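I opened this model to see how its parts pack. My notes follow in the order I looked things up.

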Amino acid sequence: GCRKRGPPRGMHDALTAPSRAISRVLVRWIRLVCEYSRAVAICSAIFAIVCAAGFVRVETKNKVTELWVPQKTPIMRSRQHVEATFGAPPSWMAIIVRKVGSETAALSPETVELMYDLEALIDQLPMRYEVCLQSSAGPAPGGRCIHRGVTNLWCNRTQYEAEVGSKPDPALALVNVVNSRTVGCLGMPVEKLRVFGSPTYDDGSTFRSARPGVSRMIGAVYASSWYSLDVAKARESVVGEHCGAFERLMRQEQSRLAGLGWEVEFAYQEAFDGEIARSVTGDIPLVIASFTFTLVTAVMTQMHLARPEMGAATQASWGLACVALSVFAGYGVVVFFGVPFTSLSLVGIFILLGVGVDDVLVLLEAFRLARITIPDGGTVEERARFATERAGVSITITSATNIIAFSLGSMTVIPAVNWFCAYMACAILFDFLLCVTLFMAVIVWYERRDQAKGLPAIAYKKSAAETVPLPGLETPDNSGSSIAKVVDGEIKAVDKAMRRRRAWTEVVRCEGIFRGQHMRAYGDFLMLTPVRVVVVCGFLAFGISSLLLMGRIEEGLPRTSLAPDDSFLVGFFSIFDTTYQAQEGLTLDLHVQGVDHSSPEIQARVMAAWGMHLQSGVIEPLHKPSGGWMVAQNTPLDSKYSSPSSWLTVVTQVAISANATAPCRALGVSPRMCAAAAVPYRLADDSLTDDFDPPLVIQSAFNATLNGALELVPSMSDKLIRRHTDGVLVASIVSTKAVPVAGQYKRQLHIYEECIRLDEAINAEVFTGAEVNAALTPYVRKGVSIPNLRVFTYNNFLVYWQQDAVLKEELVTNLTLAGLGVLIVCMIALAHPAALIAVSGVGIVDVFLFGSLIIGDIRFNVISVVNFVMAVGLAVDYTLHFCHAFLAQPGANRVTRVKYALNTMGDCILKGGGTTLVGTLPMAFSTSTIFRTFFVLLFSTILYGLAVGLVLLPVVLSVIPMPPAPHLKHDYRDWYVNPNRPPDGV
């Protein structure tokens with residue numbers, strides 16, 4: 001017959017060189033550990049402690065904008081431009097009140113008086129007038145603190161009493177004022193839909209169908225008031241102290257007013273940072289509980305009460321101590337190099353405990369197996385070499401794959417995830433180093449102690465008496481069978497007569513917490529053909545269902561998820577996100593910076609860019625009062641719609657009265673640009689025709705006309721920047737109103753993407769060409785040079801919404817990189833096609849995680865993306881351990897090799913996964929949504945990893961033909977029957 005030819009020997013040697021090199025290096029290292037165990041332990045412990053000392057430089061970051069949003073993006077550059085030009089936007093404090101049991105009481109004199117009472121208390125807070133943003137007029141020193149609320153309709157409480165409180169029917173008088181007055185005492189518009197939540201109207205309409213000037217608001221469920229803080233003027237510590245006093249005051253008022261039937265919710269912008277920090281410190285007891293649970297479970301798995309000579313409970317305790325030390329050492333190194341510590345870093349400790357305890361248990365099980373395999377228990381060095389060949393190589397490969405997966409995951413653009421992956425990769429590296437140094441030295445020390453007591457020999461003798469043949473390898477005959485022991489690759493028959501009869505037998509000596517019986521019975525059951533069919537069908541059904549139902553997964557990271565459950569922010573934003581954001585959209589500011597706005601070319605282009613915004617599907621239509629756009633400049637407008645008034649239309653109106661305008665084309669602007677500049681006018685006035693030539697301000701009269709417009713509308717100065725040297729207008733803002741989002745994250749994402757698209761189109765089609773270049777006007781603002789043209793759309797909410805725009809791309813990129821990295825490591829280390837199966841198992845776990853999102857009603861957001869990347873590193877442990885054990889036993893049929901792998905490695909995988917599951921349980925009791933999301937997905941990852949590693953993979957490997965892997969064979973081939981070198985006489 002013809003023998004099958006494998007790959008050329010030279011190619012085979014080249015492919016398998018890495019795996020053989022790993023084995024040789026580890027074996028040589030273990031010899032050194034056995035010889036110098038004390039020195040290795042002391043040096044490794046000192047090194048780890050020194051690295052852990054890097055924690056003294058720990059820096060925590062809790063700001064949402066520094067953690068959860070990409071940094072190097074167009075919107076973040078726009079934010080820097082806004083702060084450089086107009087300064088940091090004001091901070092805020094806010095309150096929302098509701099009369100329990102009433103649907104209309106928020107619009108009542110009682111509510112207004114309550115708001116006045118609360119504002120009086122707020123005005124008495126320490127450093128109130130040093131912190132608040134002030135207007136130019138008012139009773140307070142330097143002016144009156146700016147706020148937006150129903151009380152802004154009157155300059156003081158005395159005026160309110162005169163107009164409402166003293167009237168025969170105060171409720172009617174209040175309704176009349178609210179519906180007729182649109183500008184408050186401080187000159188700011190009163191945006192009724194931002195003040196009153198869930199309003200009711202006299203004609204039965206809703207806030208969406210209410211008609212301006214016709215529908216009258218007569219009631220509301222909620223009333224709110226917003227207070228502006230000047231963070232640019234006051235020191236950060238002063239603002240923080242003032243906000244802390246506000247929080248204490250409102251907590252007291254919450255308790256007092258609850259007894260009077262009022263529900264009060266409050267928030268302030270700086271609270272997010274403090275509440276996120278509280279979620280970090282508040283869950284530290286859970287980390288301690290997790291370590292305790294993991295320790296107890298690991299110790300219990302290594303307690304053998306019936307066989308004390310097999311126990312390793314003390315060694316397991318030392319192993320957990322090494323894992324804890326590796327966490328401190330790895331984190332210390334990362335902290336030393338300036339990576340901030342965040343709430344996700346704390347979550348990483350739970351994961352590291354699971355990864356570390358898995359390595360500990362695999363090593364301890366390998367040493368236990370050595371005692372019952374090597375004749376008379378062997379020497380300490382023989383057992384250490386035995387354990388290293390079986391467990392050391394596997395631990396090395398899984399650690400490498402984890403480090404690669406998290407290192408590639410750190411390439412994400414989301415800072416919190418980037419830093420989390422850096423912490424994980426470094427800590428796993430230290431876990432591996434301490435596992436093969438400090439922990440291995442500790443094991444060697446205990447092995448020497450047991451060797452002196454003769455415990456390994458006792459374990460071997462008892463195990464030999466209890467050994468049963470592995471099903472499927474017995475060769476029955478009339479005279480019975482004998483047990484073959486395989487040592488150093490040769491089969492030594494107990495009886496020479498049985499060797500001549502070619503009695504090949506193999507024994508399994510696997511005694512774990514269930515003494516091997518359960519795993520052996522499980523292997524027999526799993527290899528039944530009907531069972532294998534059911535397993536494959538079940539996994540296919542769940543995987544296909546997870547993929548088909550992906551469309552039901554909601555997206556987004558609600559702000560309430562960033563704070564603990566007991567945070568005051570939860571109640572406030574639950575109302576604000578679902579009620580107020582459903583009523584009125586956010587204001588989108590179109591910024592034009594770095595050009596001389598007096599130029600007719602620039603005026604036309606500003607109007608054209610504004611028109612492109614107004615024609616977008618995400619922008620509310622213009623409020624068009626009768627009389628055209630000129631009348632709109634002096635008419636109260638409904639803030640629900642985009643305003644037809646802007647700084648440029650006001651200036652143009654003043655210029656028309658001064659006879660300082662001319663038609664666009666007459667000033668030399670191209671017909672195409674003039675037609676685009678006419679769009680806002682035609683949208684505001686239906687009587688204008690398509691050939692309307694919009695008026696522009698003559699350049700020589702622009703500055704004087706601008707001065708007149710600012711005298712007419714002083715608040716307009718907040719949207720303009722003039723160069724100090726000559727008064728040239730160099731930066732401006734034109735605003736539009738976006739459609740409400742109402743917590744709909746797909747709509748938020750659509751608005752963000754539309755803003756990016758508009759910016760690209762405006763810069764490419766409008767603000768380009770020689771005419772624009774001629775108007776470029778560099779300037780210096782607050783010591784910062786603004787040298788170039790900048791045209792962009794900005795609102796602070798876009799900073800938070802941008803993360804949704806990159807999530808899917810980040811998920812695909814990170815999973816692809818991590819998967820390829822893990823595959824390359826597995827292929828190099830195993831040098832076998834089975835690496836593809838191991839990595840495919842990881843992919844199945846990630847697919848199943850989509851099912852967990854559906855079952856657990858978990859949103860797809862940055863937190864879930866972290867878990868998907870993390871699953872690559874965790875799940876590969878279970879699949880790779882099993883594949884390695886399967887490949888280390890070539891020669892027999894596939895079913896028998898699967899049973900071998902289950903008997904030798906299945907118990908270790910089950911113990912490691914079970915211990916990790918127990919260790920994650922404390923996360924379920926966290927007050928943080930982030931932690932609980934991690935718990936569900938981490939628990940699912942481990943559960944799916946165990947299912948794939950101990951159920952699906954054995955079935956697949958029992959069916960698919962696999963070439964042998966002689967380079968992975970162990971030197972101590974206790975259960976291996978060499979197919980190429982049969983026993984003598986066979």
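These entries go from the whole chain to single residues.

**Ground rules.** I am working with a predicted model, in which local features need pLDDT of at least 70 and side-chain atom pairs count only at pLDDT 80 or more, while totals for chains, interfaces and linings use all residues. Residues are numbered from 1 along each chain as its sequence is written, and side-chain values use heavy atoms, with hydrogens and water left out.

**Whole protein.** I looked up the secondary structure and found 34 helices and 17 strands. These are DSSP runs numbered from the N terminus, with helices (H or I) of at least four residues and strands (E) of at least two. Of the 986 residues, 58% are buried. Here buried means under 20% relative accessible area, exposed means over 50%, and partly exposed lies in between (1.4 Å probe, protein chains only). The protein exposes about 39,300 Å², and carbon and sulfur atoms supply 60% of that area. The areas come from the Shrake-Rupley method with a 1.4 Å probe; for residues, only the protein chains shown count as cover. I then checked contacts, meaning heavy atoms within 4.5 Å. Among those between residues at least 6 apart in sequence, 80% join residues at least 24 apart.

**Cores.** Which residues have the most contacts inside the largest nonpolar core? They are Trp 68, Trp 154, Phe 420 and Phe 934, in a core of 216 residues. Helix H16 (residues 415–453) gives the most to this core, with 24 residues. A nonpolar core is a set of buried Ala, Val, Leu, Ile, Met, Phe, Trp, Tyr and Cys residues joined through side-chain atoms within 4.5 Å. A second, separate core has 64 residues, including Ile 75, Ala 609, Val 650 and Val 734. I went back to Trp 68 and listed its partners, not counting residues up to four places away in sequence. Among them are Ile 276, Leu 344, Leu 562, Gln 803, Val 862 and Ile 930.

**H20 on H31.** Helix H20 (residues 529–548) packs on helix H31 (residues 834–855) at an angle of about 65°, with axes 8 Å apart. The axes are lines fitted to C-alpha atoms over the stretch in contact, and angles run from 0 to 180 degrees between N-to-C directions. Phe 539, Phe 542, Gly 543, Ser 546 and Leu 547 of H20 meet residues of H31, including Phe 848, Phe 850 and Gly 851. I sorted the contact residues into eight nonpolar, three polar and no charged. Ala, Val, Leu, Ile, Met, Phe, Trp, Tyr, Cys and Pro count as nonpolar, Asp, Glu, Lys and Arg as charged, and the others, Gly among them, as polar. H20 also holds Val 533, which is partly exposed at 47% relative accessible area. Val 533 and Val 955 are 422 residues apart in sequence, yet 8.8 Å apart in space, C-alpha to C-alpha.

**Positive phi.** Most residues other than glycine have a negative phi. Met 127 has a positive phi of about 60°. Met 127 sits in the loop between helix H5 (109–123) and helix H6 (128–131). Is Asn 659 buried or exposed? Asn 659 is exposed, at 68% relative accessibility. Its phi is positive too, near 60°.

**Asp 202.** Asp 202 lies in the loop between strand E3 (196–201) and strand E4 (217–229). Asp 202 and Arg 216 are 14 residues apart in sequence and 5.6 Å apart in space, C-alpha to C-alpha.
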